[in-house]
Amino acid sequence: MDILDILRAALQQALGPQAIVFALAAIGLNIHFGYTGLLNFGQAGFVAVGAYGLAVSVVTFGAPFWLGIVMSLVAPLVLAVILGVPTLRLRADYLAIVTIAAAEVLRFVFGSVEMKDTFGGSNGLNGFARPFQQANPYSSGIDLGIISFGRNDLWSLTVGWILVALCCVLVWALMRSPWGRVLRSIREDEDAVRSLGKNVFAYKMQALALGGVIGGLGGMFLALKQASVVPSDYSTLMTFYAFAALLLGGAARVMGPVIGSILFWFLIAGLGSFFSQSAGEGGWIPSVIMTDTQASVIRYIVLGLAIMLLMIFRPQGIFGDRREIAIDGR
Amino acid sequence: MDAEMTEQTSTTGPAGLVGVSTEPGSKKPDPIVVADNITRTFGGLTAVDVDHVEIQRGAITALIGPNGAGKTTFFNLLTGFDQPNSGSWTLDGKSLKGVAPYKVARLGMVRTFQLTKVLAKLTVIENMRLGATGQKGERFWAAPFKFLWGKQEDEVTKKADELLARFLLDKKREDFAGSLSGGQRKLLEMARALMVDPELVMLDEPMAGVNPALKQSLLGHVKSLRDEGRTVLFVEHDMDMVRDISDWVVVMAQGKIVAEGTPESVMADQRVIDAYLGAHHDTDLSELDEERLEAEVEAEIAQEEDAK
């Protein structure tokens with residue numbers, strides 16, 4: 001077993017593009033769930049429309065690249081309004097049902113045969129990311145000894161982490177303001193906020209839209225990095241990974257979703273590498289206990305267990321405030 | 001001109017209530033709230049059925065009645081938290097029919113809740129700051145830029161601190177509101193409502209679950225609201241409080257207003273005693289003629305059998 005190899009695999013993922021996509025999705029969820037208390041189970045849908053907003057405008061409609069970028073910001077905004085108008089007046093659970101359904105509907109529509117001409121079917125769309133790749137200022141990749149990234153990845157990572165940092169600054173600036181205070185109050189008790197003369201519906205809509213657009217940024221980044229969009233990327237699993245990252249890092253904290261996402265991918269990749277080395281031929285776990293194929297999924301079991309233990313012993317996540325969690329009830 | 005002044009002052013506030021009729025729905029000299037024909041049904045149950053009621057400006061009006069009389073429902077209807085099946089009501093002459101609760105609050109009618117709604121995971125001072133109206137920093141586009149709202153935030157904080165000191169909560173300033181006791185939560189809720197600067201304060205059972213010592217200070221606070229020129233309407237079960245501080249009492253039973261008047265006159269009112277204790281509470285059941293009852297019952301049974 002090669003500890004260095006495990007660490008290499010883990011770090012590569014923790015700093016890699018996947019961590020960025022999920023950090024952005026989780027920052028959006030943090031605004032929805034962590035600050036405003038909106039149960040959005042369809043973040044994958046927002047990520048997907050962000051990605052498809054870019055791809056469809058450029059590939060299908062032949063729009064210039066910059067317009068594609070604008071569309072990838074506008075599309076999640078539109079989705080937020082469409083989802084929010086009927087559901088934000090209702091109890092929180094309804095939003096959860098509607099958003100998870102909407103995300104699945106979107107994924108099936110994007111992958112459908114009937115809409116193949118527009119959305120590219122299950123193969124998705126590609127050939128829209130050239131201007132992004134051409135803007136790459138790096139002439140070679142980077143080798144940090146233990147981990148290394150190629151030239152294209154390095155450019156993606158630079159852009160991605162800058163996006164994450166900008167979003168964090170925005171969330172920080174918003175949440176220290178009276179606007180953020182209204183959101184946190186809505187999370188605690190809508191009626192109390194209403195009784196003080198605040199238009200709760202408008203604030204919830206703003207929160208849904210902002211979190212959706214940040215999730216859409218994650219989709220845009222994924223599309224640019226892969227230079228393609230594929231509907232199967234945007235399954236409910238994406239939403240739940242983003243939630244896992246958020247809870248791991250700590251909800252309602254600016255850095256919570258970012259650290260959570262890094263840690264989530266560090267663990268996924270590290271555990272994956274550890275078990276694939278340990279089981280099967282040459283590993284120290286006999287195949288009676290665990291075979292090669294089982295080794296590839298056991299990491300999810302271990303990670304699930306870890307999140308369960310975290311919720312029991314440190315429910316506020318890594319960054320959360322213990323005192324805040326200790327207060328229960330109204 | 002002096003005569004005019006006295007004329008004016010004598011119609012508002014408690015003074016204006018002298019000599020007002022004690023019939024349900026009586027006219028007040030200077031009403032702030034006027035409600036007509038308000039009904040609200042839940043399925044087959046008529047929870048509220050109020051023909052006419054006026055609330056005097058600048059006075060403390062108590063709304064009392066037995067459990068299930070529809071007091072809280074009536075409260076919810078007035079403040080827009082629930083919509084009536086029929087009826088109209090005005091605040092300062094402006095119709096509030098179909099107006100959203102947050103707009104009702106902005107018009108100057110702010111309520112508290114029977115089960116206190118403090119924002120548990122916000123600190124006491126943050127709870128207070130939330131109450132201030134017209135905050136620039138609550139607008140999305142201005143929010144990220146502190147220089148746009150920082151000065152106003154300081155003013156809001158100053159006002160909040162003054163109110164906290166008045167309600168003896170200044171020591172709890174940085175504590176989470178969720179860590180306060182029941183009575184302190186009532187105080188916080190009242191103080192927070194005052195951040196809105198309301199003309200009419202609606203308190204839903206301000207004394208529920210408050211210990212006797214705190215009760216006295218709460219009473220003082222409610223009176224001070226009137227002394228500031230605000231109108232207070234409150235729902236309460238605590239008769240001591242009703243007698244002590246209210247200028248006018250409105251009694252509800254089974255959704256209707258059955259009586260109103262000064263605390264003294266209401267407590268002596270036969271309709272009020274009936275509403276609380278039942279109309280036949282002083283009839284001795286053992287004195288009823290058993291034979292006559294038996295005959296009545298038998299006749300009823302025979303009638304039912306005939307119907308079959």
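User: Buried means under 20% relative accessible area, exposed means over 50%, and partly exposed lies in between, with a 1.4 Å probe and protein chains only. What is the relative accessible area of Val109(A)?

Analyst: This is a predicted model, in which local features need pLDDT of at least 70 and side-chain atom pairs count only at pLDDT 80 or more, while totals for chains, interfaces and linings use all residues. Residues are numbered from 1 along each chain as its sequence is written, chains are lettered from A and ligands numbered from 1 in the order in which they are written, and side-chain values use heavy atoms, with hydrogens and water left out. Val109(A) is found in helix 5 (residues 92–111) of chain A, where helices (H or I, at least four residues) and strands (E, at least two) are DSSP runs numbered from the N terminus. Val109(A) counts as partly exposed because its relative accessible area is 31%.

User: Which residues does Val109(A) touch, not counting residues up to four places away in sequence?

Analyst: Val109(A) and Phe119(A) are ten residues apart in sequence, and their C-alpha atoms are 8.2 Å apart in space. With contact taken as heavy atoms within 4.5 Å, and leaving aside residues up to four places away in sequence, Val109(A) touches Met115(A) and Phe119(A).

User: What percentage of the 308 residues in chain B do buried residues make up?

Analyst: Chain B has eleven helices and ten strands, and its C-alpha trace spans about 85 × 55 × 40 Å along the principal axes. Of its contacts with a separation of 6 or more, 66% are between residues 24 or more positions apart. Among the 308 residues of chain B, the buried share is 51%.

User: Which strands of chain B stand at the edges, each with a single partner strand?

Analyst: Two strands pair if DSSP finds at least two bridges between them. By this criterion, four strands of chain B form an open sheet in the order 2-1-4-5, with antiparallel pairing. One side of each edge strand is left without a neighbour in the sheet, because a single partner strand is all that is found for strand 2 and strand 5 (94–95).

User: Which residue of strand 2 of chain B is the bridge partner of Val33(B)?

Analyst: Strand 1 (residues 31–42) and strand 2 (residues 45–56) of chain B run antiparallel and are joined by ten bridges. They form a hairpin with two residues between them, and Gly43(B) in the turn has a positive phi of about 60 degrees. Within this pairing, Val33(B) has as its bridge partner Ile55(B).

User: Which residue in strand 5 of chain B is the bridge partner of Leu91(B)?

Analyst: Strand 4 of chain B pairs with strand 1 in the antiparallel sense over five bridges, and there Thr39(B) stands opposite Ser86(B). Strand 4 also pairs with strand 5, again antiparallel, over two bridges. In strand 5, the partner of Leu91(B) is Lys94(B).

User: Which residue in strand 8 of chain B is the bridge partner of Leu203(B)?

Analyst: Five of the five residues of strand 8 (residues 231–235) of chain B are buried, with Thr231(B), Leu233(B) and Val235(B) on one side and Val232(B) and Phe234(B) on the other. Strand 3 (residues 60–64) runs parallel to strand 8 and is joined to it by four bridges, with Thr61(B) bridged to Leu233(B). Strand 7 (residues 200–204) pairs with strand 8 in the parallel sense over five bridges. In that pairing, the partner of Leu203(B) is Phe234(B).

User: At roughly what angle do the axes of helix 4 and helix 5 of chain B cross?

Analyst: Axes are lines fitted to C-alpha atoms, for helices over the stretch in contact, and angles run from 0 to 180 degrees between N-to-C directions. The axes of helix 4 (residues 124–131) and helix 5 (residues 146–166) of chain B come within 9 Å and cross at roughly 115 degrees.

User: Is Glu153(B) buried or exposed?

Analyst: Glu153(B) is found in helix 5 of chain B. Leaving aside residues up to four places away in sequence, Glu153(B) touches Pro178(A), Arg181(A), Arg129(B) and Gln135(B). Because its relative accessibility is 11%, Glu153(B) counts as buried.

User: What is the relative accessibility of Thr79(B)?

Analyst: Thr79(B) is found in the loop between helix 2 (71–78) and strand 4 (86–91) of chain B. Not counting residues up to four places away in sequence, Thr79(B) touches Pro101(B), Val104(B), Met109(B), Arg111(B) and Met202(B). Thr79(B) counts as buried because its relative accessibility is 2%.
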